[in-house]
Amino acid sequence: MTNNYIKQVVNKNYRYGFVTAIETDTFAPGLSEEVIRKISQRKNEPEFMLQWRLRAYQHWLTLTPPHWAHVDYPDIDYQNIIYYSAPKTQKDGPKSLDEVDPKLLETYQKLGIPLHEQGRLAGVAVDAVFDSVSVATTFKAKLAEAGVIFCSFSEAVQKHPALVEKYLGTVVPYRDNFFATLNSAVFSDGSFVYVPKGVRCPMELSTYFRINAANTGQFERTLIIADEGSYVSYLEGCTAPMRDENQLHAAVVELIALDHAEIKYSTVQNWYPGDENGRGGIFNFVTKRGACRGAHSKISWTQIETGSAITWKYPSVILQGDHSIGEFYSVALTNHRQQADTGTKMIHIGKNTRSTIISKGIAAGHGQNTYRGLVRVLPTATHARNYTQCDSLLLGNSCGAHTFPYIEAKNPTAQIEHEACTSKIGDDQLFYCRQRGLREEDAVSLIVNGFCKKVFNELPMEFAVEAQKLLEVSLEGSVG
Amino acid sequence: MLQIKNLHASIQDEKQKTKCILRGINLQINPGEVHAIMGPNGSGKSTFANILAGREEYQVTEGSALLDNQDLFALEPEQRAAAGLFLAFQYPVEIPGVNNMYFLKAAVNSIRKQRQLPPLDAMDFLTLVKTKMKEVNMDEKFLSRAVNEGFSGGEKKRNEVLQMLMLEPRLAILDETDSGLDVDALQAVAKGVNSLRNPQRSFIVVTHYQRLLNYIIPDRVHVMVRGQIIKSGGKELALEIEEKGYGWLEKEAQA
């Protein structure tokens, strides 16, 4: 009975696997200085951007792909990737939502993204990135009233070049790592947020990323600056069509929090994970880092990672300002042949800095789930404190959970706590729930949700509901 | 109501060796009756309870079990629950992070759904659960705690009885619900069970000791040894066992 159920659901797991037929302006595959110049030209960028990209490219040529992560995948042919693909009607950029291609809007509607008025009701301002370019940013006017800048990265380069030049690459330098360097050279769009001094951003900001075109890499870049005493909560969601070949997603996110500022960054990542045999799926190689530059600043990462064939990401916080706070809450789920190597780095530099890490890894099917984390306390960070809890939950006998925690304390006043546990969904728990009348798949989802509760509690309300549903879908057919 | 005929069951141990646990159980329980099953450790009492509820690691090799003329062994555990079978666990399981009230509500409504009844809404549910908690002397704070997590032995058993009161089964099986309980908890559990007793509902009370049977008076007492019921009688049989142990029965059975 259970087996039949598995067969039924395996093929309907991924609901976002459709492709939108749309005319695009697409480069030929391959990477060269010329391609980078063309991207920069298409986007009409100032000279400093082009030069930065070229420096990144030159540096990238000297690098080799990293292999330290606990993931296994064939070498990527970087000359076989398309580095720029944009919906054609997009060329001059839409002035308002009315000018956005209705097919695109339809796509976003299918994804359940409220681009129109529904969005305002939901109180969420949305920037949507389709393949390489940003297609719509809603509620600009309302945000502008509050002085908040929320726009596509391309627009920020045109309208706020000084801010971009001042902060770009200051948290994740273009020399940072193989994928971040590649991103610096070729990134085509992304989101930009600036919250001025003392402003509490009046709504949740949100970006949806969608990879549509085949053979296309998506390289977006997000830069969020929270000026002194400001607050912003930012949500990010991602989906992609089902395709047999792997697609590369190498994004960079930089967060900067000045004195007394707070940034809350939440991600629900649901890129296409590949099929049950591991064919296709997104390679999600992402560099996310925040800098608590100011005293009493706070950066909090919450991520729900259920998609992608391979996930390689470590949203981190550099705790520079005294009394600053870094948080990382993560649920990573790997089913079928998915692999995830994810975790965080908390770098304590300032005095009385505090960090919290709660990581929940769930492995099902043949999934491999790795937590990799670094807590580093520098000599300057007197009375730094960290609390880490990383738990793994295994469903079935063919999956794996791995934990690599690194702790470096160079200050004797540091207090570091680390707790970890690995458990298997017990037959006892399942039987108990079923004896009380719950269907097997409901029982699994109940147990998994309980396991993830501490992380879900950190998500904004509407995302928490979405995250729970997503876990249910991703786990369908994992019992047997 | 419950008819068990010639039930044989076995389990595979770690070396894949088949071990026979039940060797031909016959039992007939009529509506409204309370049957106690007693016996020494390892006699198969708990296995019997778990097999009726649908625990998967046991294989039924022979025999049948009908609940209201439905073949129990053709049903999944959750379908047996919907058919009205409830097992109060000897070791209630902890489910971290899952709110006790949420769990209860999910269970009640899942069973209602299987019986094609509309779900209880939040208000009706809350009113009902608060009434039932009073019956087993449970503090309302247990509703917001995770299922059984950090509960004491007595609290877990009360929680089992609370679940039973909420699910209102046709047949409730209590698997050593008395083990590890102090007198207060024992009385609370017995009170909960007795409040459910009616001419349509039956109980199987699995226990080592006669003590619980002072509070829940059985109609029949069966003694199980090595996977077989070797003697059945009225409530006085329990008192006899309390006095003399099981040894004389085993000898009698062998003779």
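Helix Crossing and Sheet Order in a Predicted Model

Me: In this predicted model, what describes the placing of helix H3 (residues 47–61) of chain A against helix H9 (residues 178–186) of chain A?
Reply: Their axes come within 7 Å and cross at roughly 145 degrees. Two packed helices are described by the angle between their axes and the distance between the axes.

Me: Is the crossing of H3(A) and H9(A) left-handed or right-handed?
Reply: H3(A) passes H9(A) in a left-handed crossing.

Me: Which residues of H3(A) and H9(A) meet?
Reply: From H3(A) come A:Trp52, A:Arg53, A:Ala56, A:Tyr57, A:His59 and A:Trp60, and they meet A:Thr181, A:Leu182, A:Ser184 and A:Ala185 of H9(A). By kind, the contact holds six nonpolar, three polar and one charged residue. Arg counts as charged, so A:Arg53 is the charged one.

Me: What is the strand order of the open sheet of six strands in chain B?
Reply: The order is E6-E9-E10-E3-E11-E12, with mixed pairing.

Me: Why do strands E6 (85–88) and E12 (228–233) of chain B stand at the edges?
Reply: Each has a single partner strand, so one side of each is left without a neighbour in the sheet.

Me: How do you know that E9 (residues 171–175) and E10 (residues 202–207) of chain B pair?
Reply: Pairing requires at least two bridges, and five bridges join these parallel strands. In one of them, B:Ala172 has B:Phe203 in E10(B) as its bridge partner.

Me: Which strands of the sheet does helix H1 (residues 45–53) of chain B touch?
Reply: H1 of chain B packs on the sheet and touches E3 (34–38), E6, E9, E10 and E11 (220–225) of chain B. The direction of this helix makes about 145 degrees with that of E9(B).

Notes. Residues are numbered from 1 along each chain as its sequence is written. Chains are lettered from A and ligands numbered from 1 in the order in which they are written. This is a predicted model: local features need pLDDT of at least 70, side-chain atom pairs count only at pLDDT 80 or more; totals for chains, interfaces and linings use all residues. Axes are lines fitted to C-alpha atoms, for helices over the stretch in contact, and angles run from 0 to 180 degrees between N-to-C directions. Helices (H or I, at least four residues) and strands (E, at least two) are DSSP runs, numbered from the N terminus. A crossing is left-handed if the near helix is turned anticlockwise from the far one by less than a right angle, and right-handed if clockwise. Two residues are in contact if their C-beta atoms, placed from the backbone, lie within 7 Å.
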